[in-house]
Amino acid sequence: MTRLAAVLRGIAFPLGLVVIAQIAAMVSHLQSDTLASPAAALVAGAHAFADGSILIATVQTLANAFGGLALGGSIGLLFGILLGSVVLADRLMEFSVEALRPIPSVALIPVAMLIFGFGFRMEIAIVSFASFWPVLILTRNAVANVDVALYDVARVLRLTPLARTVKIVLPAALPRIFVAFRLAAGIALTVAVTVEVSTNPLGLGYGMMLAEQSLHPELMLAYLLWIGIIGWGLNFAITNAQRRLFARSPQAVR
Amino acid sequence: MNARIGWRLASIVVGGLFILAWQFIASAHIVSPVYLPGPDRTWTALVRGFASGTLLAQLLQTVQRMLLGWLLASLVGIVVGACIGLSRPARAYLGPTLEFLRPLPASAVIPLGIAFFGLSDGMVLGVIAFGALWPTLLATVHGFAAVEPCLYEVSRVLGMSRLAVIWKIALPSSLPDILGGMRLSLTVSLILAVVGEMLASRTGLGSGILIAARTFHAPDLYAGVVLLGMLGYITAQGLFAVEARLLRWRAVR
Amino acid sequence: MDPQPLIAFDRVSMTLGGTPVLTGIDLSIDAGDFVCVVGPSGCGKTTLLRLLGGLLEPTSGEVRYAGKRIVEPRADIAVMFQDYGRALLPWRTVEGNVSLALEALGVPKEQRAARIASVLDTVGLRNKADRYPSELSGGMQQRLQIARCLAQEPKVLLMDEPFGALDAMTRQSLQDEVLSIVAVSGATVFFVTHDLEEAVYLGNRVIGLLPHPGRIASDVKVTLSRPRNQLTTREDPEFARLRRHLFDFIKDEH
C-alpha cells in the first residue's frame, strides 16, 4: 500500500468522528457549559495561540518536564551504570529499589507541596522522581546485558574501569539507554500534566482546569488536543532521532 | 539457593541502614521536622491511623476504586483490543488513531471528566477506567496482531474453526502482551485513583495525604505515602505472581 | 495396484505475486510411495508441497487426491513444517500440542489420552509428556511435530525440509525413525529436502525440480533395498550412482 493511502486510511476515522461531532453540534444548536463543537474548539485554540496564553503554558509544562527529566534522568543514569556494572552494588540495593520504586509519583505531590509550595521546583521534584526509575532500571539492564565478550576485550586491552565504562560499556549500552530516556520523556510529560491538573497552577494542565472551571469547554478541548499533539510530537521526534542515530546499531532496538 | 537468600538479607540490611540514616537526619534536625518527620513519627502516625480506623477506611476506598476501574478497563481493553488486533482493516483504520492516543497523558481527560460528571465518585471511577484502558487495549491489539503466522497455517492444516483459532491460538499467544499491558494499566489506575481523590475530595488515601500536607501534619502525610507505596508493591507483586503462573511455558533465558 | 494414483498433479501451474513459480507439473504418486523432492532454491518444491496440503490453489490445472480435487486442507493429509520453533504451541505441553490435532478432529475427550500416549510412544516422547516445547531440544521438538501429524492417522505425510535445521547426528536418527514409522503405518510420504543424500536414502522415488520456471526435470526410481541402513545403504554403489546423477542434474542447471 502506498504511503499516501496508508495516511488517508489513518485519518479517515478521526476525521469522520470530528465531522460527525461538528454536525451534531450544529444541528442541536449546542449551547453548553460542558460540551463544545470541534469548530469552536479550533477557534478557541487559535485565540489562545494569538494571545500567547497557550504558548506560555506550553513552555512552562515543557520546562518542568525536561527539567525533571534532566535531573531525575541524570541521577538515574549514574546509578543505573553503577548498579549495572557492579554486581555487589546491585545485589545490596535490590531491596531498597524494590521498596521505593512502587511509590506512585503522585503520592509525592503533597510532600513536594509541603516543602516547596507551588511553582516550578515542586513540579520538577516530582517529575524527577518519576523519571528517575525507568532510567535507573533500564540503564542498569542495558549495562548489565552488555555482551560479555566485550568485557574480555577490555581485559585484554588492559583498560581501567573508567576507560572501560566510557569506551566500551556506555557505547554498547547506548541504544537501550536512549530507549530508556524516550520512555522517561513520555512519563515526564504525563507526570508534569498530572501535577498541573491536580495542584500546581502552572502550565497546560492548569490551563485546562481553568478553562473547565470558567465554563469554557471549547478552550478546554483546545488544550486537550494541543496536549495530545505535544505528547505525540515529542514521541515522534525522539523515535525518529533514535532511528537516525542507531540505524546501523547491531542491537535491534524498538 | 543459600547464596540468594544471603544476598536478599544483605539488601534488606542495607535498606535498614537507609532507614537508620533517615532517622538520624530527622532526629538531628538536619532537615526540619516540619518537612521530614523521622521513621519513628511516621510509624506512630501509621499505627494511630489504623487504630482509629481512618487509614483503613481510606485504604479500602482507594483499593476499591483502583481495582474496579482496572478490571473494567482490562475487560473492555481485551475485548476491543482482540477485535481490532484480529482484523487487518480495523488495524489499518484505527491504528494511527491509537498510536496518537498512546502518548496522551491520562490525566488530561480529568478536566473533561469533571465537566461531565462533576466532582463525584463516578467521575473518579470513569477517569480511572478510561486512563487504565489504553495500555491494555494497545498491548492486546499488538498481541493479537503479532501471532506467529506459521501457527495460523497449522490451524488451517488441522482444519480448526475460526472460534477455535481465536480461543486456542490467538488468545494464548497474546497473553504475555495482554498481561504486560494489564500491569501498566494497574500502575495507571493507582495514579489516577490518587489524583482523582485529591481533586474530587473523595475519601481515600489521595485526599488523605493532601489534607495532611495542607494542615502540616507531616507524619500523617508520610504514613499515607508509605501505605501507597506498599499498595503499589503488593498489587504489582500479585500480578507478577499471576503472570508467572500463567506464563510458565516461556523459555528461561 | 490401484487403477488411479492416490495423488495426481494434472498440468498444474502456479503463479505467485506475478511470478510463475511452477509450470506444467504432471505428477502421479501411488499409495505407499515415499517421494522425495529436491532442487535448487527457487525451484518451487515448497510450493508443490503447499499445493498438496491444500494451503494454496493452483493458478491452473488440478491437484487431485483419490480422484477428488484438493481445495482445502484435508484431515488425512498431515503437514510437517520446517521451522518447528514456530509450528508448535509454546504454551501447551508436549501432550497438549498433540491433543490440538485430536481436538481439531473432534475426537471425544475420553479417547484422546490413549491416542496421545500411543503416538508419543511411537516417537519416544512419552516421558516428556508434561514438558513445554521450550524445554525440548530441536530434535525432540521435531519429533513432537511428527507426533502431532501421526495423531491425525494420516494417509499422506507432507514434510517440508523437516531436518534442515538439525545437526547431522540428530538428522540421521530422525531419518531412521521416520522410515520405521512409515513402514508400520504404510503412509504415503511427500518429502521436500535440499539434501541429495537424504533424498536418496529415504525415498523410493526422487523428483528433481529446476527453477525459472519451476518444472519437473528428473524422476528416478530408487531401488535400494529396505530397510535402509545409515552405513551399508550409503556404501551401496547404486546409492553413489543415484547421488552422482542428482548432483550432475542440479549442477547442469547452474
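Trainee: How many residues of chain B are in contact with how many residues of chain A?

Mentor: Before the count, a word on the source: this is a predicted model, in which local features need pLDDT of at least 70, side-chain atom pairs count only at pLDDT 80 or more, and totals for chains, interfaces and linings use all residues. Residues are numbered from 1 along each chain as its sequence is written, while chains are lettered from A and ligands numbered from 1 in the order in which they are written. Two residues are in contact if their C-beta atoms, placed from the backbone, lie within 7 Å; by that criterion, 44 residues of chain B meet 44 residues of chain A. On the side of chain B that touches chain A, the elements giving two or more residues are α1 (2-27), α4 (88-101), α5, α8 (162-200), α9 (205-214) and α10 (218-246) of chain B, and α10(B) supplies the largest share, eight residues. Helices here are DSSP runs of H or I with at least four residues, strands are runs of E with at least two, and both are numbered from the N terminus.

Trainee: Into which classes do the residues of that side of chain B divide?

Mentor: Ala, Val, Leu, Ile, Met, Phe, Trp, Tyr, Cys and Pro count as nonpolar, Asp, Glu, Lys and Arg as charged, and the others, Gly among them, as polar. The side of chain B that touches chain A has 37 nonpolar residues, seven polar and no charged.

Trainee: Which pair of chains has the most contacts, and where does that leave chains A and C?

Mentor: Two pairs of chains touch, and the most contacts are between chains A and B; chain A and chain C do not touch, their nearest C-alpha atoms being 14 Å apart.

Trainee: What confidence does chain B have?

Mentor: Where pLDDT is low, the predicted coordinates should not be read in detail. This score is the predictor's confidence in each residue, from 0 to 100; chain B averages 92, and 99% of its residues score at least 70. Among the elements of chain B, helix α3 (residues 54-86) has the highest mean pLDDT (95) and helix α5 (residues 110-117) the lowest (89).

Trainee: What is the order of strands in the open sheet of chain C?

Mentor: Strands of a sheet pair through backbone hydrogen bonds, either parallel or antiparallel, and two strands are taken to pair if DSSP finds at least two bridges between them. In chain C the open sheet of four strands runs β2-β1-β4-β5, with antiparallel pairing, and its edge strands, β2 (19-29) and β5 (68-69) of chain C, each pair on one side only. Two bridges join β4 (residues 60-65) of chain C to β5(C), and Tyr65(C) stands opposite Lys68(C) in β5(C).

Trainee: Are Arg11(C) and Glu161(C), with their positive phi values, buried or exposed?

Mentor: A residue is buried if 20 or more other C-beta atoms, placed from the backbone, lie within 10 Å of its own, exposed if 12 or fewer, and partly exposed in between. Arg11(C), in strand β1 (residues 7-16) of chain C, has phi near 45 degrees and is exposed, because 12 other C-beta atoms lie within 10 Å. Glu161(C), in the loop between β7 (156-160) and α6 (168-185) of chain C, also has phi near 45 degrees, but Glu161(C) is buried, with 20 such atoms within 10 Å.

Trainee: Where is the cis peptide bond that involves Pro213(C)?

Mentor: The bond from His212(C) to Pro213(C) is cis, with omega near -5 degrees, and Pro213(C) is found in the loop between β9 (205-210) and β10 (215-221) of chain C.
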